[in-house]
Amino acid sequence: VTLVFYPWARTTKMSRSGKVDGYLPEYYDASIKQHHYFSNPFPGGPVVLFKRKSAPAIRFRSLHDLKPYTVGVVRGYVNTKEFDEADFLKKDALTHDLLNLKKLLGKRVDLIVIDQYVGIHLLNTKLPGMLSKVEIVSPPLGINDLFVCFSKKKKQAAKLRDAFNAGLNMIQTDGTLDAILS
């Protein structure tokens, strides 16, 4: 396997057109099935909102509570169905999560949508010392499983999916996946 990193919107476009065999990680969305085969699911993390600790508290019971805020998102990401369809929200789209974190810390957006574990990892590795400057708004938007998407434009797509699923099943059965996650 050769992994290549591109901005998310370019990644999904390249996969739809068959320029790459597939991409990961993706949350499930039925619209993706038109161009891709989904792998079996594997554990993801909570999709959350991050805010600056210095900003006023946010009472969040429904998405309508977020109307006054500008929310940073990654262009082309599937987040949760409810959030993605909330066209009444002010969403500011960028190319990747790290830019959204920088924009949040720079007070250019009020909130960002991010996988909780990705956010913490990026803060610890790319923005050292900044983890203490953000907090998670409760409750999470959702908890999504992850998938690998294999391009239907590639002849071997179903074979690759099946091979991935077999390997995933092996590491789930022997406890390797649980060890990785812990």
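Predicted model: local features only at pLDDT ≥ 70, side-chain atom pairs only at ≥ 80, totals over all residues.
To find Lys 51 yourself, look in strand S3, which covers residues 46-52. Lys 51 counts as buried because its relative accessibility is 1%, and buried means under 20%. Its side chain also reaches the backbone oxygen of Ala 55, at 2.8 Å.

## The largest pocket

Next, take a look at the largest pocket, with a volume of about 1700 Å³. Its lining is made up of 48 residues, and those nearest the centre are Phe 5, Trp 8, Tyr 23, Leu 24 and Pro 25. Several elements give two or more residues to this lining, among them helix H1 (8-17), strand S1 (22-26), helix H4 (116-126) and helix H5 (157-173).

Sorted by class, the lining of the largest pocket holds 33 nonpolar, 10 polar and five charged residues.

## The second largest pocket

The second largest pocket has a volume of about 160 Å³. Residues lining it include Ala 9, Thr 12, Arg 16, Tyr 23, Glu 26, His 35 and His 36. Here H1 and S1 are the elements that give two or more residues, and H1 gives the most, with three.

By class, this second lining has four nonpolar, five polar and two charged residues.

Technical notes: Residues numbered from 1 in each chain as written. Heavy atoms only, no water. 1 Å grid on protein atoms, 1.4 Å probe; cavity = no way out; pocket = protein on both sides within 12 Å on 5 of 7 lines; lining within 4 Å. Points joined across faces, edges and corners; volume = space filled by probe spheres on them. Helix = DSSP H or I, 4+ residues; strand = E, 2+ residues; numbered from the N terminus. Nonpolar A, V, L, I, M, F, W, Y, C, P; charged D, E, K, R; others polar. Buried < 20%, exposed > 50% of the residue type's maximum accessible area, 1.4 Å probe, protein only. Polar contact = N/O pair within 3.5 Å; in protein donor to acceptor, adjacent residues only side chain to side chain.
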